[in-house]
Amino acid sequence: MSTDTSNQVRKYIFDHFYQHANAPVLEELMDHFHVSRDQAYSVLAELEAAHHIILLPGTQRILMANPFSSITTPFQDTINGKTYFANCAWDTVSLHVMLGEDTTVESYCHHCAEPITIRLSQEKVVASKPENPLIYLSVPVSKWFENLINTCSNNMVYFSSKTHLGQWLTSRPTLHGEALTVSKMIEVCRPLSRRRMSLDYAKPAGGQLTKYWNSIGLHGDFWKM
């Protein structure tokens, strides 16, 4: 398929998630774009290689189109009365930044399972219970793509407080991650998320992202692509 068609397929997948809160199946792509199974799967593989989507390993089914998840997770966003599953704590914020709509995030403390509810509007935190939850990232940016499913599913989580994060880390002395407030995560997400629903969306280059993250105070090897 041409680059233009690939962009259209990517946009179709994201629009389908937005409208239906789930992933389209390969057969829907075949029908909508009037292509064969091999052609439809080929473009999915291309989109996965470009890190726009992730397929369920060994299948032709879409597992993720970040920030959307096609399976149940402990990360939910409710927007205009519709609930979406995100892949991780990062993606709960990314979804708000991407869609630009009032969002209620619901998740749990990774340490104690305390419910966490955060209301976002116009890229700001307008309410939060508990008051100061943190998002903890345990995989450095340079290692994200070694196993994206593991990175997104297991290593970007919420903690209800700095105290609970500290308690959790006590038994993991070799883990050296980054803890961010939700407000800081909104800043972090912007270059990756703001135009992701656009037909001509292109991910920023690694060097651009690192430079941007440095500009908002995030330095060190953890943030190098």
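Mentor: A definition to start with: contact means heavy atoms within 4.5 Å. Also, this is a predicted model, in which local features need pLDDT of at least 70, side-chain atom pairs count only at pLDDT 80 or more, and totals for chains, interfaces and linings use all residues. Residues are numbered from 1 along each chain as its sequence is written, and side-chain values use heavy atoms, with hydrogens and water left out.

Trainee: How many helices and strands are there in the chain?
Mentor: Both are DSSP runs numbered from the N terminus: helices are H or I with at least four residues, strands are E with at least two. Counted that way, the chain has 8 helices and 11 strands.

Trainee: In what order do the strands of the open sheet lie?
Mentor: Two strands pair if DSSP finds at least two bridges between them. The sheet has 5 strands with antiparallel pairing. Strands E5 (82–85) and E8 (124–129) each have a single partner strand, so one side of each lacks a neighbour in the sheet. The order is E5-E4-E6-E7-E8.

Trainee: Which residue in E7 is the bridge partner of threonine 103?
Mentor: Strand E6 (residues 103–108) and strand E7 (residues 115–121) run antiparallel and are joined by 6 bridges. The E7 partner of threonine 103 is leucine 120.

Trainee: At what angle does helix H7 run to E8?
Mentor: Axes are lines fitted to C-alpha atoms, for helices over the stretch in contact, and angles run from 0 to 180 degrees between N-to-C directions. Helix H7 (residues 182–193) lies across E7 and E8. Its angle to E8 is about 140 degrees.

Trainee: Which residues touch the most other members of the largest nonpolar core?
Mentor: Such a core is a set of buried Ala, Val, Leu, Ile, Met, Phe, Trp, Tyr and Cys residues joined through side-chain atoms within 4.5 Å. Buried means under 20% relative accessible area, with a 1.4 Å probe and protein chains only. This core has 44 residues, and its largest share, 6 residues, comes from H7. The ones touching the most other members are Trp90, Tyr158, Trp213 and Trp223.

Trainee: What radius of gyration does the chain have?
Mentor: The radius is taken over C-alpha atoms, and the globule rule is 2.2 Å times the number of residues to the power 0.38. For 225 residues, a compact globule would come near 17 Å, and the chain agrees with that. Its value is 18 Å.

Terms used
Buried < 20%, exposed > 50% of the residue type's maximum accessible area, 1.4 Å probe, protein only.
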